[in-house]
Amino acid sequence: MAKKGKPKGALRFELPFEAEPPALTSDAVGLPRLMRRPAGSYTMDVTVLDAADGRLLRAGVVVAHRVVAGAGEWYLAAPAWAPHLPAEQVEPMAGKGELPEPFARLIKPLVRGAALEPMATLSCERGEWLLRSKDGAAAGLVRDDKVQVHRADGSASQYREITVEPTDALTGQRREYLLSAARAAGATALTDFPTLQQRLGAPAMGLTSFPKPRPLERNASLEEFVTAIFAEHLGAIVRADLDRRAADSDSVVVLNERLWAFGRDLRGLAPVLEPAWREGLEDTLAGLPFETPADVEQPTLAVLDALVAAVRAPRLGDLSQRNAALLLFERAQQATMILADRCRSLTGESTHEAWQAALRAAQQLEVAATVLAPLMPKSMGKLLVNLDEVLTDLRACSTDALGGEPELDGVSPSQAYQLGLEHERRRGELGRRRRLFVALWPERVEKARRLMAKAKKKQQKQQKKK
(Lines give C-alpha, C1' and ligand atoms only; values in the text may rest on other atoms or scores of the structure.)
Protein backbone atom coordinates (compact mmCIF):
# COMPACT_ATOMS: atom_id res chain seq x y z
CA MET A 1 0.00 0.00 0.00
CA ALA A 2 1.26 3.48 -0.88
CA LYS A 3 2.23 5.59 2.07
CA LYS A 4 -0.24 8.36 2.82
CA GLY A 5 0.70 11.89 3.71
CA LYS A 6 0.07 15.49 2.83
CA PRO A 7 -0.48 15.99 -0.94
CA LYS A 8 2.21 18.06 -2.67
CA GLY A 9 -0.10 20.09 -4.90
CA ALA A 10 -1.66 19.78 -8.32
CA LEU A 11 0.05 18.03 -11.21
CA ARG A 12 -0.14 19.93 -14.49
CA PHE A 13 0.68 18.60 -17.95
CA GLU A 14 0.54 20.08 -21.42
CA LEU A 15 -0.23 17.41 -24.02
CA PRO A 16 -0.28 17.46 -27.83
CA PHE A 17 -3.85 18.29 -28.88
CA GLU A 18 -4.62 15.04 -30.71
CA ALA A 19 -2.56 12.73 -28.50
CA GLU A 20 -4.05 9.85 -26.55
CA PRO A 21 -4.48 10.73 -22.86
CA PRO A 22 -1.95 9.25 -20.41
CA ALA A 23 -2.68 5.87 -18.86
CA LEU A 24 -3.33 7.08 -15.33
CA THR A 25 -4.56 3.77 -13.87
CA SER A 26 -2.32 0.98 -12.58
CA ASP A 27 -3.09 -1.98 -10.34
CA ALA A 28 0.58 -2.13 -9.39
CA VAL A 29 0.48 1.22 -7.55
CA GLY A 30 -3.08 0.83 -6.29
CA LEU A 31 -4.86 3.13 -8.78
CA PRO A 32 -7.16 0.73 -10.62
CA ARG A 33 -10.10 2.97 -11.64
CA LEU A 34 -10.78 6.25 -13.44
CA MET A 35 -14.48 7.20 -13.26
CA ARG A 36 -15.93 9.88 -15.51
CA ARG A 37 -17.81 12.74 -13.80
CA PRO A 38 -20.60 13.85 -16.17
CA ALA A 39 -21.40 16.87 -13.99
CA GLY A 40 -17.87 18.22 -14.50
CA SER A 41 -17.62 17.40 -18.21
CA TYR A 42 -18.91 19.91 -20.73
CA THR A 43 -18.22 22.00 -23.81
CA MET A 44 -18.00 25.77 -23.62
CA ASP A 45 -17.65 28.55 -26.19
CA VAL A 46 -15.95 31.71 -24.95
CA THR A 47 -15.70 35.12 -26.61
CA VAL A 48 -13.03 37.30 -24.99
CA LEU A 49 -13.71 41.04 -25.20
CA ASP A 50 -11.17 43.84 -24.98
CA ALA A 51 -10.17 47.17 -26.46
CA ALA A 52 -8.14 47.07 -29.67
CA ASP A 53 -4.92 47.67 -27.70
CA GLY A 54 -5.64 44.82 -25.26
CA ARG A 55 -5.69 47.17 -22.27
CA LEU A 56 -7.89 44.91 -20.11
CA LEU A 57 -5.90 41.74 -20.68
CA ARG A 58 -2.63 43.65 -20.25
CA ALA A 59 -3.94 44.83 -16.89
CA GLY A 60 -4.75 41.25 -15.87
CA VAL A 61 -8.53 41.52 -16.37
CA VAL A 62 -10.58 39.02 -18.40
CA VAL A 63 -14.04 39.95 -19.67
CA ALA A 64 -15.81 37.28 -21.68
CA HIS A 65 -19.14 35.98 -22.90
CA ARG A 66 -19.51 32.24 -22.29
CA VAL A 67 -22.01 29.71 -23.56
CA VAL A 68 -22.19 26.49 -21.52
CA ALA A 69 -24.75 23.82 -22.45
CA GLY A 70 -26.65 26.42 -24.49
CA ALA A 71 -26.91 28.95 -21.66
CA GLY A 72 -25.17 32.30 -22.03
CA GLU A 73 -23.41 34.15 -19.22
CA TRP A 74 -20.99 37.02 -18.71
CA TYR A 75 -17.69 36.40 -16.97
CA LEU A 76 -15.30 38.80 -15.22
CA ALA A 77 -12.01 37.74 -13.61
CA ALA A 78 -9.51 40.15 -12.07
CA PRO A 79 -7.62 38.26 -9.32
CA ALA A 80 -4.66 40.66 -9.48
CA TRP A 81 -7.01 43.57 -8.65
CA ALA A 82 -8.88 41.97 -5.75
CA PRO A 83 -10.46 43.32 -3.61
CA HIS A 84 -10.87 46.43 -5.80
CA LEU A 85 -12.38 44.23 -8.54
CA PRO A 86 -13.90 40.74 -8.21
CA ALA A 87 -11.42 37.89 -8.39
CA GLU A 88 -14.16 36.12 -10.36
CA GLN A 89 -17.80 36.99 -11.03
CA VAL A 90 -20.51 35.65 -13.33
CA GLU A 91 -23.63 37.50 -14.49
CA PRO A 92 -26.50 35.83 -16.39
CA MET A 93 -27.07 36.72 -20.03
CA ALA A 94 -29.87 39.25 -20.44
CA GLY A 95 -31.23 41.71 -22.97
CA LYS A 96 -29.54 42.06 -26.34
CA GLY A 97 -26.26 40.53 -25.31
CA GLU A 98 -24.60 43.78 -24.26
CA LEU A 99 -22.10 43.85 -21.42
CA PRO A 100 -24.15 43.98 -18.19
CA GLU A 101 -24.24 47.36 -16.47
CA PRO A 102 -22.54 46.11 -13.25
CA PHE A 103 -19.52 44.92 -15.27
CA ALA A 104 -19.42 48.04 -17.45
CA ARG A 105 -19.50 50.26 -14.35
CA LEU A 106 -16.79 48.30 -12.53
CA ILE A 107 -14.23 48.20 -15.34
CA LYS A 108 -14.75 51.72 -16.71
CA PRO A 109 -11.58 53.17 -15.10
CA LEU A 110 -9.58 50.48 -16.92
CA VAL A 111 -11.46 50.71 -20.22
CA ARG A 112 -11.96 54.50 -20.10
CA GLY A 113 -13.11 55.72 -23.53
CA ALA A 114 -12.21 52.62 -25.55
CA ALA A 115 -14.80 50.41 -27.23
CA LEU A 116 -14.85 46.70 -26.37
CA GLU A 117 -14.81 44.21 -29.22
CA PRO A 118 -14.16 40.48 -29.65
CA MET A 119 -10.44 39.73 -29.41
CA ALA A 120 -10.67 35.94 -29.65
CA THR A 121 -13.06 33.03 -29.44
CA LEU A 122 -12.20 29.82 -27.62
CA SER A 123 -13.91 26.45 -28.09
CA CYS A 124 -13.32 24.42 -24.93
CA GLU A 125 -14.01 20.74 -24.29
CA ARG A 126 -13.54 19.56 -20.72
CA GLY A 127 -13.56 15.98 -19.51
CA GLU A 128 -13.45 15.32 -15.78
CA TRP A 129 -12.68 12.02 -14.03
CA LEU A 130 -12.22 10.79 -10.48
CA LEU A 131 -9.13 8.67 -9.92
CA ARG A 132 -9.78 6.03 -7.25
CA SER A 133 -7.41 3.87 -5.23
CA LYS A 134 -7.94 0.13 -4.81
CA ASP A 135 -9.71 0.66 -1.49
CA GLY A 136 -12.26 2.93 -3.22
CA ALA A 137 -10.94 6.23 -1.84
CA ALA A 138 -10.63 9.24 -4.12
CA ALA A 139 -6.97 9.76 -5.03
CA GLY A 140 -7.35 12.72 -7.34
CA LEU A 141 -9.61 14.74 -9.61
CA VAL A 142 -8.47 14.70 -13.25
CA ARG A 143 -9.40 17.43 -15.73
CA ASP A 144 -8.60 17.21 -19.44
CA ASP A 145 -9.11 20.54 -21.27
CA LYS A 146 -8.87 20.73 -25.08
CA VAL A 147 -9.01 24.34 -26.33
CA GLN A 148 -9.11 25.75 -29.87
CA VAL A 149 -8.36 29.47 -30.22
CA HIS A 150 -9.46 31.71 -33.09
CA ARG A 151 -8.13 35.27 -32.88
CA ALA A 152 -9.74 38.34 -34.38
CA ASP A 153 -6.82 38.69 -36.83
CA GLY A 154 -7.71 35.30 -38.37
CA SER A 155 -4.92 33.25 -36.79
CA ALA A 156 -5.68 30.05 -34.89
CA SER A 157 -4.05 27.70 -32.41
CA GLN A 158 -4.92 24.88 -30.07
CA TYR A 159 -3.67 23.44 -26.82
CA ARG A 160 -4.46 20.75 -24.29
CA GLU A 161 -4.03 20.89 -20.52
CA ILE A 162 -4.39 18.04 -18.04
CA THR A 163 -4.64 18.78 -14.32
CA VAL A 164 -4.62 16.28 -11.44
CA GLU A 165 -5.86 17.71 -8.14
CA PRO A 166 -4.56 15.21 -5.54
CA THR A 167 -5.99 14.07 -2.24
CA ASP A 168 -3.82 12.85 0.61
CA ALA A 169 -4.02 9.38 -0.96
CA LEU A 170 -1.91 10.49 -3.94
CA THR A 171 1.62 10.56 -2.57
CA GLY A 172 4.96 8.88 -3.10
CA GLN A 173 4.93 6.03 -5.63
CA ARG A 174 1.51 6.89 -7.02
CA ARG A 175 2.50 10.48 -7.79
CA GLU A 176 5.70 9.35 -9.48
CA TYR A 177 3.69 6.86 -11.55
CA LEU A 178 1.41 9.63 -12.87
CA LEU A 179 4.41 11.76 -13.82
CA SER A 180 5.96 8.81 -15.70
CA ALA A 181 2.67 7.98 -17.45
CA ALA A 182 2.27 11.58 -18.60
CA ARG A 183 5.81 11.73 -19.98
CA ALA A 184 5.24 8.44 -21.81
CA ALA A 185 2.21 9.99 -23.55
CA GLY A 186 4.30 12.95 -24.74
CA ALA A 187 3.14 15.36 -22.05
CA THR A 188 5.26 18.11 -20.51
CA ALA A 189 5.01 18.69 -16.77
CA LEU A 190 4.51 22.35 -15.81
CA THR A 191 4.45 24.26 -12.55
CA ASP A 192 1.78 26.59 -13.96
CA PHE A 193 -0.06 26.71 -17.24
CA PRO A 194 0.45 29.71 -19.55
CA THR A 195 -2.05 32.49 -18.88
CA LEU A 196 -4.80 33.40 -21.30
CA GLN A 197 -2.76 36.49 -22.19
CA GLN A 198 0.21 34.30 -23.08
CA ARG A 199 -2.00 32.00 -25.14
CA LEU A 200 -3.41 34.94 -27.11
CA GLY A 201 -0.13 36.81 -27.62
CA ALA A 202 0.10 40.45 -28.71
CA PRO A 203 -1.47 42.84 -27.90
CA ALA A 204 -2.75 40.96 -24.84
CA MET A 205 0.88 40.24 -23.83
CA GLY A 206 1.98 43.89 -23.85
CA LEU A 207 3.02 45.92 -20.82
CA THR A 208 0.29 46.78 -18.35
CA SER A 209 -1.01 50.35 -18.29
CA PHE A 210 -0.72 50.29 -14.49
CA PRO A 211 2.91 49.48 -13.63
CA LYS A 212 4.04 49.25 -10.04
CA PRO A 213 6.19 52.23 -8.98
CA ARG A 214 9.88 51.40 -8.94
CA PRO A 215 11.88 52.07 -5.76
CA LEU A 216 13.41 55.54 -5.90
CA GLU A 217 17.13 56.14 -5.60
CA ARG A 218 18.66 59.46 -4.62
CA ASN A 219 20.54 59.71 -7.93
CA ALA A 220 17.45 59.01 -10.05
CA SER A 221 17.05 60.96 -13.27
CA LEU A 222 14.11 63.32 -13.59
CA GLU A 223 12.43 60.87 -15.97
CA GLU A 224 12.82 57.99 -13.49
CA PHE A 225 11.56 60.14 -10.63
CA VAL A 226 8.52 61.56 -12.43
CA THR A 227 7.64 58.14 -13.82
CA ALA A 228 7.63 56.68 -10.28
CA ILE A 229 5.60 59.59 -8.86
CA PHE A 230 3.03 59.37 -11.66
CA ALA A 231 2.80 55.57 -11.34
CA GLU A 232 2.08 56.01 -7.63
CA HIS A 233 -0.70 58.51 -8.33
CA LEU A 234 -2.11 56.42 -11.19
CA GLY A 235 -2.44 53.38 -8.93
CA ALA A 236 -3.93 55.37 -6.05
CA ILE A 237 -6.52 57.13 -8.24
CA VAL A 238 -7.63 54.03 -10.12
CA ARG A 239 -7.97 51.99 -6.92
CA ALA A 240 -10.00 54.75 -5.25
CA ASP A 241 -12.31 54.90 -8.28
CA LEU A 242 -12.65 51.10 -8.44
CA ASP A 243 -13.50 50.97 -4.71
CA ARG A 244 -16.15 53.67 -5.13
CA ARG A 245 -17.73 51.77 -8.02
CA ALA A 246 -17.56 48.40 -6.27
CA ALA A 247 -19.36 49.88 -3.25
CA ASP A 248 -21.83 51.68 -5.56
CA SER A 249 -21.25 54.66 -3.28
CA ASP A 250 -22.13 58.32 -3.76
CA SER A 251 -19.16 59.34 -1.61
CA VAL A 252 -16.30 60.90 -3.58
CA VAL A 253 -14.21 61.92 -0.55
CA VAL A 254 -11.35 59.43 -1.04
CA LEU A 255 -11.25 59.99 -4.80
CA ASN A 256 -11.10 63.75 -4.26
CA GLU A 257 -8.18 63.24 -1.87
CA ARG A 258 -6.28 61.18 -4.45
CA LEU A 259 -6.95 63.70 -7.22
CA TRP A 260 -5.93 66.57 -4.96
CA ALA A 261 -2.65 64.85 -4.06
CA PHE A 262 -1.90 64.39 -7.75
CA GLY A 263 -2.76 68.03 -8.43
CA ARG A 264 -0.39 69.10 -5.64
CA ASP A 265 2.52 67.17 -7.16
CA LEU A 266 1.55 68.45 -10.60
CA ARG A 267 2.07 71.99 -9.26
CA GLY A 268 5.31 70.94 -7.58
CA LEU A 269 6.62 69.61 -10.89
CA ALA A 270 5.29 72.56 -12.89
CA PRO A 271 8.76 73.97 -13.76
CA VAL A 272 9.87 70.73 -15.44
CA LEU A 273 6.67 69.55 -17.17
CA GLU A 274 5.55 70.48 -20.66
CA PRO A 275 3.31 73.55 -20.04
CA ALA A 276 0.44 72.66 -22.39
CA TRP A 277 0.14 69.12 -21.00
CA ARG A 278 0.26 70.32 -17.40
CA GLU A 279 -2.18 73.19 -17.97
CA GLY A 280 -4.67 70.82 -19.59
CA LEU A 281 -4.62 68.62 -16.49
CA GLU A 282 -4.88 71.62 -14.18
CA ASP A 283 -8.00 72.70 -16.09
CA THR A 284 -9.40 69.18 -15.68
CA LEU A 285 -8.86 69.37 -11.91
CA ALA A 286 -10.16 72.92 -11.58
CA GLY A 287 -13.47 71.68 -10.13
CA LEU A 288 -11.87 70.06 -7.06
CA PRO A 289 -13.35 69.06 -4.71
CA PHE A 290 -16.02 67.36 -6.81
CA GLU A 291 -19.35 66.88 -5.07
CA THR A 292 -21.07 63.96 -6.81
CA PRO A 293 -20.15 60.82 -8.77
CA ALA A 294 -21.46 62.51 -11.92
CA ASP A 295 -19.14 65.50 -11.34
CA VAL A 296 -16.04 63.38 -10.73
CA GLU A 297 -16.58 60.83 -13.53
CA GLN A 298 -15.09 62.56 -16.58
CA PRO A 299 -12.25 64.39 -14.78
CA THR A 300 -11.11 61.09 -13.24
CA LEU A 301 -11.15 59.26 -16.58
CA ALA A 302 -9.27 62.14 -18.23
CA VAL A 303 -6.59 62.12 -15.50
CA LEU A 304 -6.24 58.33 -15.77
CA ASP A 305 -5.84 58.57 -19.55
CA ALA A 306 -3.15 61.23 -19.18
CA LEU A 307 -1.28 59.29 -16.49
CA VAL A 308 -1.39 56.00 -18.42
CA ALA A 309 0.59 57.75 -21.16
CA ALA A 310 2.80 59.72 -18.76
CA VAL A 311 4.08 56.72 -16.79
CA ARG A 312 5.70 55.49 -20.00
CA ALA A 313 6.85 58.81 -21.45
CA PRO A 314 6.52 61.83 -19.14
CA ARG A 315 6.53 65.22 -20.89
CA LEU A 316 9.87 66.58 -19.68
CA GLY A 317 11.62 67.87 -22.78
CA ASP A 318 15.41 68.31 -22.52
CA LEU A 319 15.40 67.89 -18.74
CA SER A 320 14.53 64.19 -18.67
CA GLN A 321 18.06 62.91 -17.96
CA ARG A 322 18.99 65.59 -15.41
CA ASN A 323 19.45 64.51 -11.80
CA ALA A 324 16.01 64.85 -10.21
CA ALA A 325 17.20 65.69 -6.69
CA LEU A 326 19.52 68.48 -7.92
CA LEU A 327 16.95 69.96 -10.24
CA LEU A 328 14.06 69.91 -7.80
CA PHE A 329 16.23 71.12 -4.92
CA GLU A 330 17.12 74.17 -7.00
CA ARG A 331 13.40 74.86 -7.40
CA ALA A 332 12.84 74.47 -3.65
CA GLN A 333 15.71 76.88 -2.97
CA GLN A 334 14.20 79.44 -5.30
CA ALA A 335 10.81 79.06 -3.61
CA THR A 336 12.49 79.51 -0.22
CA MET A 337 14.15 82.75 -1.34
CA ILE A 338 10.89 84.11 -2.76
CA LEU A 339 9.09 83.39 0.52
CA ALA A 340 11.93 84.99 2.51
CA ASP A 341 11.82 88.15 0.37
CA ARG A 342 8.06 88.54 0.62
CA CYS A 343 7.92 87.94 4.37
CA ARG A 344 10.91 90.16 5.10
CA SER A 345 9.06 93.19 3.73
CA LEU A 346 5.89 92.57 5.77
CA THR A 347 4.78 94.85 8.57
CA GLY A 348 1.69 95.00 10.72
CA GLU A 349 0.30 97.65 8.37
CA SER A 350 1.08 95.84 5.07
CA THR A 351 -1.76 95.53 2.57
CA HIS A 352 -4.00 92.53 2.18
CA GLU A 353 -2.33 91.87 -1.20
CA ALA A 354 1.14 91.74 0.41
CA TRP A 355 0.02 89.20 3.01
CA GLN A 356 -1.74 87.11 0.32
CA ALA A 357 1.42 87.16 -1.81
CA ALA A 358 3.39 85.80 1.15
CA LEU A 359 0.79 83.08 1.67
CA ARG A 360 0.97 82.05 -2.00
CA ALA A 361 4.78 81.90 -1.78
CA ALA A 362 4.55 79.63 1.27
CA GLN A 363 2.07 77.38 -0.54
CA GLN A 364 4.40 77.18 -3.54
CA LEU A 365 7.30 76.19 -1.30
CA GLU A 366 5.07 73.54 0.29
CA VAL A 367 4.33 71.85 -3.04
CA ALA A 368 8.00 72.12 -4.09
CA ALA A 369 9.17 70.51 -0.83
CA THR A 370 6.44 67.86 -0.91
CA VAL A 371 7.33 66.66 -4.39
CA LEU A 372 11.03 66.55 -3.43
CA ALA A 373 10.39 64.72 -0.13
CA PRO A 374 10.67 61.15 -1.56
CA LEU A 375 14.26 61.91 -2.61
CA MET A 376 15.21 63.95 0.49
CA PRO A 377 12.81 62.68 3.18
CA LYS A 378 14.72 63.86 6.25
CA SER A 379 15.53 67.44 5.27
CA MET A 380 12.27 68.10 3.40
CA GLY A 381 10.31 66.49 6.24
CA LYS A 382 11.81 68.99 8.70
CA LEU A 383 11.19 71.86 6.30
CA LEU A 384 7.54 70.87 5.86
CA VAL A 385 6.99 70.68 9.64
CA ASN A 386 8.36 74.22 10.06
CA LEU A 387 6.49 75.43 7.00
CA ASP A 388 3.20 74.12 8.36
CA GLU A 389 3.46 76.60 11.25
CA VAL A 390 4.21 79.44 8.82
CA LEU A 391 1.22 78.53 6.64
CA THR A 392 -1.10 78.36 9.64
CA ASP A 393 0.01 81.80 10.82
CA LEU A 394 -0.16 83.37 7.35
CA ARG A 395 -3.73 82.13 6.90
CA ALA A 396 -4.61 83.63 10.30
CA CYS A 397 -2.97 86.91 9.18
CA SER A 398 -5.14 87.19 6.06
CA THR A 399 -8.05 89.63 6.10
CA ASP A 400 -10.15 86.67 5.02
CA ALA A 401 -10.03 85.71 8.71
CA LEU A 402 -12.09 88.82 9.48
CA GLY A 403 -15.08 87.34 7.74
CA GLY A 404 -15.91 90.54 5.81
CA GLU A 405 -17.64 93.71 6.90
CA PRO A 406 -20.61 93.22 9.28
CA GLU A 407 -24.05 93.15 7.60
CA LEU A 408 -26.08 95.92 9.24
CA ASP A 409 -29.26 95.93 7.14
CA GLY A 410 -32.34 95.15 9.23
CA VAL A 411 -30.59 95.11 12.60
CA SER A 412 -31.31 97.35 15.58
CA PRO A 413 -28.85 100.10 16.67
CA SER A 414 -27.77 98.03 19.67
CA GLN A 415 -27.19 94.97 17.50
CA ALA A 416 -25.25 97.09 15.01
CA TYR A 417 -23.13 98.43 17.84
CA GLN A 418 -22.36 94.89 19.07
CA LEU A 419 -21.51 93.73 15.53
CA GLY A 420 -19.20 96.70 15.14
CA LEU A 421 -17.47 95.93 18.42
CA GLU A 422 -16.98 92.29 17.38
CA HIS A 423 -15.55 93.34 14.02
CA GLU A 424 -13.13 95.76 15.68
CA ARG A 425 -12.10 93.02 18.11
CA ARG A 426 -11.28 90.74 15.16
CA ARG A 427 -9.33 93.56 13.49
CA GLY A 428 -7.35 94.08 16.68
CA GLU A 429 -6.64 90.36 16.88
CA LEU A 430 -5.56 90.38 13.22
CA GLY A 431 -3.13 93.21 13.93
CA ARG A 432 -1.73 91.37 16.93
CA ARG A 433 -1.19 88.19 14.85
CA ARG A 434 0.55 90.13 12.10
CA ARG A 435 2.91 91.87 14.49
CA LEU A 436 3.75 88.54 16.13
CA PHE A 437 4.43 86.97 12.70
CA VAL A 438 6.76 89.84 11.77
CA ALA A 439 8.58 89.52 15.09
CA LEU A 440 9.06 85.74 14.70
CA TRP A 441 10.07 85.82 11.04
CA PRO A 442 13.85 86.52 11.40
CA GLU A 443 14.26 83.46 13.63
CA ARG A 444 12.12 81.31 11.32
CA VAL A 445 13.89 82.30 8.12
CA GLU A 446 17.31 81.74 9.68
CA LYS A 447 16.23 78.27 10.75
CA ALA A 448 15.02 77.55 7.21
CA ARG A 449 18.27 78.81 5.69
CA ARG A 450 20.36 76.60 7.96
CA LEU A 451 18.21 73.61 7.10
CA MET A 452 18.49 74.24 3.33
CA ALA A 453 22.24 74.84 3.59
CA LYS A 454 22.69 71.56 5.44
CA ALA A 455 20.56 69.75 2.85
CA LYS A 456 22.59 71.27 0.01
CA LYS A 457 25.87 70.26 1.62
CA LYS A 458 24.61 66.70 2.08
CA GLN A 459 23.45 66.60 -1.52
CA GLN A 460 26.82 67.80 -2.81
CA LYS A 461 28.52 65.09 -0.76
CA GLN A 462 26.23 62.49 -2.33
CA GLN A 463 27.08 63.75 -5.81
CA LYS A 464 30.81 63.49 -5.10
CA LYS A 465 30.35 59.87 -4.01
CA LYS A 466 28.52 59.17 -7.26
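Trainee: What classes do the residues lining the largest pocket divide into?
Mentor: Bearing in mind that this is a predicted model, the lining of the largest pocket divides into 20 nonpolar, four polar and nine charged residues.

Trainee: And what's the volume of the largest pocket?
Mentor: The largest pocket has a volume of about 1,000 Å³, and of the 33 residues that line it, those nearest its centre are Tyr 75, Tyr 159, Glu 161, Thr 195 and Leu 196.

Trainee: Which element gives the largest share of that lining?
Mentor: That is β3, which supplies four residues, while the elements that each supply at least two residues include the strands β7 (117-132), β8 (138-151) and β9 (156-166), as well as the helices α1 (55-58) and α4 (196-200).

Trainee: OK, how much space lies in the second largest pocket?
Mentor: The second largest pocket holds about 390 Å³, and 16 residues line it, with Arg 214, Glu 223, Glu 224, Thr 227 and Ala 228 the closest to its centre. By class, the lining of this second largest pocket has eight nonpolar, two polar and six charged residues.

Trainee: Switching to helices, at what angle do α6 and α7 pack?
Mentor: Helix α6 (residues 253-268) and helix α7 (residues 275-284) pack at an angle of about 150°, and their axes are 11 Å apart. Because of that angle, α6 counts as roughly antiparallel to α7, the cut-off for this being an angle over 145 degrees.

Trainee: Which residues make the contact?
Mentor: From α6 they are Phe 262, Leu 266 and Arg 267, and from α7 they are Trp 277, Arg 278, Leu 281 and Glu 282. Sorted by class, the contact of α6 with α7 has four nonpolar and three charged residues, but no polar ones.

Trainee: Is the crossing left-handed or right-handed?
Mentor: It is left-handed where α6 passes α7.

Trainee: Now the backbone: which peptide bond into Pro 203 is cis?
Mentor: The one from Ala 202 to Pro 203 is cis, with omega near 0°, and Pro 203 lies in the loop between α4 and α5. The peptide bond from Leu 288 to Pro 289 is also cis, with omega near -5°, and Pro 289 sits in the loop between α7 and α8.

Trainee: And what is the phi of Ala 69?
Mentor: Ala 69, in the loop between β4 and β5, has a positive phi of about 50° although it is not a glycine. As background, most residues other than glycine have a negative phi, and most peptide bonds are trans.

Definitions and conventions:
Residues are numbered from 1 along each chain as its sequence is written. This is a predicted model: local features need pLDDT of at least 70, side-chain atom pairs count only at pLDDT 80 or more; totals for chains, interfaces and linings use all residues. Side-chain values use heavy atoms; hydrogens and water are left out. Axes are lines fitted to C-alpha atoms, for helices over the stretch in contact, and angles run from 0 to 180 degrees between N-to-C directions. Angles under 35 degrees count as roughly parallel, over 145 as roughly antiparallel, 65 to 115 as roughly perpendicular and the rest as oblique. A crossing is left-handed if the near helix is turned anticlockwise from the far one by less than a right angle, and right-handed if clockwise. Contact means heavy atoms within 4.5 Å. Ala, Val, Leu, Ile, Met, Phe, Trp, Tyr, Cys and Pro count as nonpolar, Asp, Glu, Lys and Arg as charged, and the others, Gly among them, as polar. On a 1 Å grid over the protein atoms alone, a cavity is a set of points where a 1.4 Å probe fits but cannot get out, and a pocket is an open set with protein on both sides within 12 Å along at least five of seven lines; lining residues have an atom within 4 Å of a point. Grid points are joined across faces, edges and corners, and a volume is the space filled by probe spheres set on the points.
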